Amino acid sequence: MLFPLYIIPQSTVLIHPGNETDEAVYLCQELIHGLAKYFHSIQFLTTRTSQEHPNTQATATFANRINPELYISIHLTQASAPCFHIYTYLQNKTDLWRHTSSSLDFIPLNKAHMHHAKNSLDTASLFLESLKTESLPCTDSVCSFPFKPLAGIQCVSFAVELGIPELSKWHPYKEQIHNALIKVIMAYQESA
Amino acid sequence: MKNRLFYPILCTTTFVIGCIFFCMYHEWLIVFWNKPTLTLSYQALPTKKTILLYLPKSTDTTTEWKKEKAEIVLDDSALTTEANAILQKWISYAQEQHCLPMNVQIDSVCISPSHNELYINFTHNPLNKIKSAYDKYCLIESLLLTLRQTDARTCNLYLLTKHQPILDSHIDLSAAWPVQGFSP
């Protein structure tokens with residue numbers, strides 16, 4: 001007699017493919033496939049499929065309801081030369097100062113990022129360093145500004161924008177992004 | 001004695017007064033009834049100011065700025081006048097460098113009564129939809145960097161198109177951006 005064995009995942013990572021193109025969805029699916037094989041105790045979810053284009057508020061509501069440990073937004077855009085840009089959400093530089101709130105507090109959408117702003121920046125910086133070790137062209141530092149796809153996300157979150165000449169040719173970078181994400185998730189697991 | 005001098009003095013006096021009024025009537029004699037004062041109405045002279053216009057350099061990995069000196073003539077010291085003059089120059093420079101489409105112009109620049117919020121209303125959306133978030137962010141940072149040379153450096157900036165917040169898929173402009181910007 002077989003007893004089904006369910007492993008309750010210890011944590012959740014939510015990956016959001018940017019709304020610009022469906023190519024981002026395919027990239028995210030490949031990444032989730034690889035990461036799920038690597039981390040058995042983590043469940044990896046995505047916010048949309050190739051036919052869906054939820055708006056920022058719907059995505060933020062969905063993400064906050066799931067309440068993942070880490071939220072990663074992945075975007076593909078056209079650029080003359082390949083380059084990675086990493087973003088976190090800030091409305092003011094002072095948002096990085098520690099803000100405390102209880103679970104019963106009402107937090108408006110434009111203030112949701114404040115609770116984990118510093119952690120988000122640290123995690124994004126770690127991801128940037130990991131990309132640099134993979135010898136990928138990246139910006140010098142993480143750009144923190146009101147980046148709309150991260151608006152309203154309460155958990156630790158950052159976004160990656162990959163600029164490539166042809167949107168369909170993201171395959172050469174998949175392996176490096178995958179490796180960089182493994183480093184970030186492992187470091188995040190150790191610090192948690 | 002008294003009575004003998006009274007009438008000649010009266011006649012002479014009235015004659016002199018009559019002469020004076022006759023001269024005044026014919027404007028041969030002008031009398032300033034109100035004492036002229038030396039107060040001057042203050043009107044500021046137009047001033048010339050040299051500013052630096054910033055635009056992002058076309059490198060994808062580093063945030064570097066192209067700079068160009070420009071001169072603006074200010075009729076008064078109002079912040080909106082100064083900001084408007086600088087922005088007009090910045091737009092012309094950005095259009096020369098093909099960073100902005102030619103139809104984008106400044107419609108109006110306003111400041112809140114508390115002088116904490118500056119509103120810039122464009123005729124068209126200055127952010128190109130197909131550009132990356134990084135390009136758009138650098139363009140806004142270059143605008144903020146240029147504005148920091150005015151007294152608006154402590155303000156928060158609202159960017160509008162047709163009196164509504166600019167809608168963009170990457171950049172959240174529904175809230176005010178600090179003119180101090182986000183770049184380190």
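**Set-up.** The model is predicted, so I took local features only at pLDDT of at least 70 and side-chain atom pairs only at pLDDT 80 or more, while totals for chains, interfaces and linings use all residues. Residues are numbered from 1 along each chain as its sequence is written, chains are lettered from A and ligands numbered from 1 in the order in which they are written, and side-chain values use heavy atoms, without hydrogens and water.

**Interface.** I looked up the contacts (heavy atoms within 4.5 Å) and found 20 residues of chain B against 25 residues of chain A. The two chains bury about 1900 Å² between them, 58% of it on carbon and sulfur atoms; this is the accessible area (1.4 Å probe) that two parts lose on being put together, summed over both. I counted 0 salt bridges between chain B and chain A; a salt bridge is a side-chain nitrogen of Lys or Arg within 4 Å of a carboxyl oxygen of Asp or Glu.

**Arg48(A).** Arg48(A) sits in the loop between β2 (42-46) and α2 (56-66) of chain A; helices (H or I, at least four residues) and strands (E, at least two) are DSSP runs, numbered from the N terminus. I noted a relative accessible area of 1%, so Arg48(A) is buried. The classes are buried under 20%, exposed over 50% and partly exposed in between (1.4 Å probe, protein chains only). Arg48(A) forms a salt bridge with Asp22(A), the closest N and O atoms being 3.4 Å apart. Asp22(A) is in the loop between β1 (11-17) and α1 (23-38) of chain A, so the pair ties together parts that are 26 residues apart in sequence. Asp22(A) is partly exposed, at 23%.

**Other salt bridges.** Lys118(A) and Asp122(A) form one at 3.1 Å, N to O; they are 4 residues apart in helix α3 (residues 117-133) of chain A, which means about one helical turn. Lys183(A) and Glu134(A) form another at 3.7 Å, N to O. Lys183(A) is partly exposed at 38% relative accessibility, whereas Glu134(A) is buried at 19%.

**Patch on chain B.** I found a nonpolar surface patch that includes Phe15(B), Trp28(B), Val31(B) and Trp33(B), with about 890 Å² of accessible area for the whole patch. Patch members have over 30% relative accessible area and no salt bridge; like charges are joined within 9 Å, nonpolar side chains (Val, Leu, Ile, Met, Phe, Trp, Tyr) within 5 Å. Val31(B) is in the loop between α1 (2-25) and β1 (47-56) of chain B.

Note on methods. Accessible areas come from the Shrake-Rupley method with a 1.4 Å probe; for residues, only the protein chains shown count as cover.
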